[in-house]
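Let's walk through this model together, one piece at a time. Keep the structure open beside you as you read.

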Amino acid sequence: GVSDPSTMYPPDSDVRLTNIDMIVGSSTHPSLSWATGQAVSGQAQKTVVVSNSSTNGEVDIYFR
């Protein structure tokens with residue numbers, strides 16, 4: 001329930017989560033398939049999966 005994106009989000013328009021490194025156990029990199037939620041209708045709020053890599057993944061979150 002974001003009622004005012006201009007005051008409820010960070011000042012940046014987006015956050016990029018980069019160099020995601022997922023390890024199962026002590027050294028296994030699993031196959032990944034990220035899924036995103038539904039974008040807010042009429043808004044720029046969204047999540048974009050740039051890379052499903054388990055050794056160098058990237059997910060970007062856009063606020064506005």
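**A sheet and one of its residues**

Val49 has Val59 of β3 as its bridge partner. This is a predicted model, in which local features need pLDDT of at least 70 and side-chain atom pairs count only at pLDDT 80 or more, while totals for chains, interfaces and linings use all residues. Residues are numbered from 1 along each chain as its sequence is written, and side-chain values use heavy atoms, with hydrogens and water left out.

The Val49 pair belongs to β3, and β2 and β3 are joined by five bridges in the antiparallel sense. Two strands are said to pair if DSSP finds at least two bridges between them. A hairpin of five residues leads from β2 to β3. In general, strands of a sheet pair through backbone hydrogen bonds, in a parallel or an antiparallel way.

On to the other pairing: β1 and β3 (residues 57–62) also run antiparallel, with five bridges between them. Put together, the three strands make an open antiparallel sheet in the order β1-β3-β2.

Now look at Asp60, which lies in strand β3. Is Asp60 buried or exposed? Asp60 counts as buried because its relative accessibility is 2% (buried means under 20% relative accessible area, exposed over 50%, partly exposed in between, with a 1.4 Å probe and protein chains only). Asp60 is the bridge partner of Arg16, and the two side chains also make a polar contact at 2.9 Å. Such a contact is a pair of N or O atoms within 3.5 Å; within protein, one must be able to donate a hydrogen and the other to accept it, and residues adjacent in sequence count only if both atoms are side-chain atoms. Beyond its neighbours within four places in sequence, Asp60 touches residues including Val15, Leu17, Thr47 and Val50, where contact means heavy atoms within 4.5 Å.

Of its 64 residues, 14% count as buried.

Notes:
Helix = DSSP H or I, 4+ residues; strand = E, 2+ residues; numbered from the N terminus.
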